[in-house]
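Have the model open as you read.

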Amino acid sequence: MSFEDFPIRRKLMTIMLGTSGVVLLLVCSVFLGYEFFTFRTSSVQQLSTLGEVIASNSTAALAFDNRDDASEVLAALAAERHIVAACLYDNQGRVFARYPSGSGDAVFPALPGADGYRFEKNHLAGFAPVVQVKGRRLGTLYLRSDMAALFDRLRLYAVISVLVIGGSSMVAYVLSRKLQKQISGPILALAETAKAVSERRDYSVRARTFGRDETGALTAAFNEMLAQIQEQNLALQRAYDELRQTQQAILQQERLRALGQIASGVAHDINNAISPASLYAEALLEREPNLSARARSYLTTIQRAIDDVAQTVSRLREFYRQRKPQITLTPVDLNQLVGQMADLTRAHWADMAQQSGISVEMRMELLPALPVVLGVESEIRDALANIIFNAADAMPDGGTITIRTRVAGPGGADGRSGAPAHATVEISDTGIGMDEETKRRCFEPFFTTKGEGGTGLGLAMVYGAMRRHDAAIEIDSAPGRGTTFRLCFPLPAEPVELAPPAASGPAAAKRLRVLVVDDDRVLLDSIAETLEYDGHQIVTANGGQRGIDEFLAGQRAGRPFAVVITDLGMPEVDGLRVAAAVKSVSPGTPVFLLTGWGQGMAEEGRAPENVDRMLTKPPKLRELREALASV
Amino acid sequence: MAFLRPKGRGALRRLARCLLAITLLGAAEARAAAPSREYQLKAIFLFNFSQFVAWPAGSLGDAQAPFVVGVLGNDPFGDYLDATVLGEKIGGHPMVVRRYRRVEDVGDCQVLFISGSEEGRLEGIIARLGGRNILTVGDAANFSRSGGMVRFVMEEGRIRLKIDVQAARSAGLTISSKLLRAAAIVTREEE
């Protein structure tokens, strides 16, 4: 492992111990070197001083030829244990006295050399003059000292150095162990935090700040960074969620719109197709008193079937109509609707269940005197039917469907404060339930869990209807634990009463000259025939341009039309252009617009420019009469 | 015999002196009997005393006054003593040898060797020299008893010194302790 890979603790310790160790070693080396050289010079000095003393003491012995005295003087060297050999030469260069006394001649230089001391291999040795009176040399002293003293000294210093270095290193170790935490502590804490962040992707943790040094600044910057990342993450997540919601909403609308457009085209054609059937059936029932009871019954059935078709078609087209003003809300008694739908759907769930040998029960828990809400009965009825069918389908092994009505919100039974008051219809089953995915997607058009058996439109229609009613849908469901649909209708600000059943008055016997414009020959004929029967004079024009021509011709001929009834959707010249042409010539002439699309417009209560009244396809004889009577 | 080295002289000078000494020695041998080895050493010792004894200041007179080594009675050194002190100076005073027949002849003198020939008259001689700053040296057996200061004694073939410190002190002389180390200290009474 190289030094770069050491943990920071070890790095710091190594640096501190290494530095103090090297410094100590350097100091000790310098000290030892200094000692070595000073000791050499001081050794020379000591030896030369000793030499001077011995030489001075030896003068008389040499001068008066007293060898005993000389030997005695040299014997004093015994006190100086490093002196290994010494001798006195007389002034003729002969050895006069020696130390130790028994030494042979070989121990000493044969002749005295130059004065002064010098280091030999393992010794310090040299010569000193023996002089009593300045200038008169009596002889020469030779001294030889071993280097043991120097080596002893160096050894002592080496031991001291080792002890000092060892002791200091131990103190340094203990100190650096404590002190390195000042630096490594914050860094390690920061590293720990960084690791935790990168491992857990948790940007909410923060590193602990120890001081206001660079590490502290680093930690603060790191924390700041984390805070920014966290904030940005949050913002991104929020933006993503919003985007996703918006995308889903747009997708949903887009699908509904596409479906609505298809439905609109289909509805137009169907309405055109069934209009004659409707008119003729109504006309037959009204004007042929001789019809047999069976024929009358058949015709009634045909009429109801046509009405159902018209209703279905109109509901299909509701998909793309999102704006609230497009529906006319009337007071609705939810309890009554629930009762009707329970009866109407019984065939589906009860009979079917019985056939497959299972039992499905229906329980009703209706709140008496439930406030009246505003809505479109047919839509609510449809929504209820769809949900009840789904509930029955969700219980292949039988079970119970429970329908409850109650009032919630302020003053309501469950006391949910804050929420506006609303009437709730709750349809619960004990079926298989829905998983999260299904719960999320069940309102999407064409999403179905029933395979080939389902259209995927049921709940999508419920969703559209509820939106138009400003009503909320809640789903409580989990796999295996049944499903509860809760439809929450807002209560009107002012309590409303149920409207009395509309009475249809008999037709007034007014005879009018009427121009009917349509691109459908059969429809044209059926309207003409039924209205002519009422005594009106009917002129038909097959197409918009012909209609305008007829109208202008009538004006010129002095036989103006009292009313113009025109289809809206026609190739080339449509109903609106016909209306404009009529009004430009005769602003007083009423124009009725007959359209398969007009239902929405009619319910909005807003007629297009130049149009006095909107009539829906398939036209009802009753409505036509009423309209003509108002002229 | 070049063991005496005058201050400030070069090697050439020393060699010259050496040759001269040999010539003189040879001449002395030719003229008279050369002194024995014993007296050669004693001659050197006489010279050496000048290095270990301090005379009172002013006792030597002015700078030109010589440092006198005297011999009283028969001279046993021949020319050897002269050769030994030749050219030597003590404290700037040139060293000379003077020979005296009688004690009355002894004039300014620093070291006086009293020859064995005077043995019988020793006490009288020394008494007469009393009070003068003269180091008296001799080798007679009764020398110390007679009040002499330094006596040469032969022991095992070696010359040893016996010094009467008291006598020297009375004469105003200070003998170096180093010399005393190498000598035996005696008193007149003990002898």
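## The interface at a glance

Chain A and chain B bury about 2000 Å² between them, with 48% of it on carbon and sulfur atoms; buried area here is the accessible area (1.4 Å probe) that two parts lose on being put together, summed over both. On the chain A side, Phe64(A), Gln132(A) and Arg136(A) lose the most area to chain B, together 37% of what that side buries.

This is a predicted model: local features need pLDDT of at least 70 and side-chain atom pairs count only at pLDDT 80 or more, while totals for chains, interfaces and linings use all residues. Residues are numbered from 1 along each chain as its sequence is written, and side-chain values use heavy atoms, with hydrogens and water left out.

## Who touches whom

Counting contact as heavy atoms within 4.5 Å, 21 residues of chain A meet 19 residues of chain B.

The rule finds 2 salt bridges across the interface of chain A and chain B, each needing a side-chain nitrogen of Lys or Arg within 4 Å of a carboxyl oxygen of Asp or Glu. Arg136(A) forms a salt bridge with Glu88(B), and the closest N and O atoms are 2.1 Å apart.

## A helix with a kink

Helix α4 (residues 214–287) of chain A has 74 residues and reaches 103 Å from its first C-alpha to its last. That is close to the 110 Å expected at 1.5 Å a residue, the expected span being 1.5 Å times one less than the number of residues.

A kink of about 35 degrees lies at Ile274(A), shortly before the proline Pro276(A); the bend is the angle between axes fitted to the seven residues ending there and the seven starting there.

Methods. Chains are lettered from A and ligands numbered from 1 in the order in which they are written. Helices (H or I, at least four residues) and strands (E, at least two) are DSSP runs, numbered from the N terminus.
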